[in-house]
Amino acid sequence: MSHDTTVTARPRLTVIGTGYLGATHAICMATLGFEVLGLDVSEEKVEALASGRVPFFEPGLPEKLRAALDSGRLRFTTSFAEAAEFGDVHFVCVGTPQQAGSAAADMQYVDSAFTELASRITRPALIVGKSTVPIGTAARMATLVREVSPAGDAVEVAWNPEFLREGFAVQDTLHPDRLVFGVSSAYAEHSLRAAFAPILDAGTPLVVADTATAELVKAAANSFLATKISYINAMAEICEQTGADVTLLAEALGYDDRIGSRFLRPGLGFGGGCLPKDIRAFRYRADELGVGHAVAFLDEIDQINLRRRSRTVDLVRELAGGSLEGVRVAALGAAFKPDSDDVRDAPALDVSRMMYLEGAIVSVYDPEASANAHKVYPDLDYADSLAEALDGADVVVLLTEWNEFRTMSPVAAGQLVAHRRVVDGRHALDADAFRAANWEYRALGRPAVATVQTTLEPAG
């Protein structure tokens, strides 16, 4: 290339978008020693982060934010001009939600971020997409950037997909299981190597690829995880008709090294702001590319996942005697997973809403997500404690496997409820202990009555 391809050994970084991904990335990169400027169009987010407050729940992140701010290496702004002037490597971390009325990804935030930033960059720089996007987005952004940037082709585009797990975001950012660089030049690769030098120096595996492959890695990874989760839940549907126990089936399958036990956990299924919308967007994009048949199975993966929600309601209704009208239900959990306050497409909250619509009196308790849940479904009742939720309940349903719920005493809980009936939507409770405390225990894919005796009888 004709422009200056000199790479700064310690580049200055900007992070465009300070939601879950962006805030985590900005904070962690600053703790690694980089000068970082985080940008968001929301003054509220910028003010919160600049004052040391993380506007979402993520274990360990508030402490990292405080350390990064105290070091002087992390600042926040709403000015694209300031970000363009400051950064050598710019990470775009804005959301790609599902379009209203369509399975496609809504790209307006990505398009806007690239346009607003690139139009102000006047020197060689690298803009790195981290958002989950349809394949071909990086190539489209490269064309857009060349057209709008005063620096022309001196501003390059690369893609670096993220693989964060909510609840483990700090660990996954600082110690990822791999890094993927989607690049189209040596300059882009060397810039990314410089930006991730401390992580690469720690021995993190690196895959350097073209941008299309880097985009596909994220879509393929999420699709595979969703498939594995839905596979064992499909087996749960069969178990319910045959009297088999899906937890024992999963354990037996997990010992096979070719299959493995990770994500082979039956239950209520997946949710959150990534997996559901990402597999739908992937399917939509594949159709656009003329290869929709190759991932047509993702439609059924989605349907299996959604059926687990309605089946959980079925179990609660069965325990209640056939109708939910006027039944007091303690719904334990609202977040889509523990150690998170994220209620986007949360199976837990969806089940509570479905029970409410059937006339149940639903008391929802979540250690961290109740405030967010109330914004989505204000008609539900929200308890301030586990004991308050359990008080007088006709049926208890565990929907998010917070440790507080996993470890609750069946005896103590039994003294609070009106009837000892529990639906374990996450296979997180000790079924034997609850049955021993005279609870009616039901779980997806498990017999209503325990069929396996674990006590060995003496021989002859």
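A: Of the 460 residues, 54% count as buried, where buried means under 20% relative accessible area, exposed means over 50%, and partly exposed lies in between, with a 1.4 Å probe and protein chains only. This is a predicted model, in which local features need pLDDT of at least 70 and side-chain atom pairs count only at pLDDT 80 or more, while totals for chains, interfaces and linings use all residues. Residues are numbered from 1 along each chain as its sequence is written, and side-chain values use heavy atoms, with hydrogens and water left out.

The chain holds 19 helices and 14 strands, which are DSSP runs numbered from the N terminus (helices are H or I with at least four residues, strands are E with at least two).

Turning to the rings, a search of the whole structure finds 7 aromatic pairs. Rings of Phe, Tyr and Trp (for Trp, its six-membered ring) pair if their centres lie within 6.5 Å, and planes under 30 degrees apart count as stacked, over 60 as edge-to-face and the rest as tilted. One of the pairs joins Y20 and F56, whose ring centres are 5.1 Å apart and whose planes meet at 50°, so this pair is tilted. It links distant parts of the chain, since Y20 belongs to helix α1 (residues 20-31) and F56 to the loop between α2 (43-50) and α3 (61-71), 36 residues apart. Both Y20 and F56 are buried.

A stacked pair is formed by F114 and W159, with 5.9 Å from centre to centre and 5° between the planes. This pair, too, links distant parts of the chain, with F114 in helix α5 (residues 108-118) and W159 in strand β6 (residues 155-159), 45 residues apart. Both F114 and W159 are buried.

R12 lies over the face of F86, at 4.3 Å from the ring centre, and R165 lies over the face of F168, at 4.5 Å from the ring centre.

How values were computed:
A charge sits over a ring if NZ of Lys or CZ of Arg is within 6 Å of the ring centre and within 35 degrees of the ring normal.
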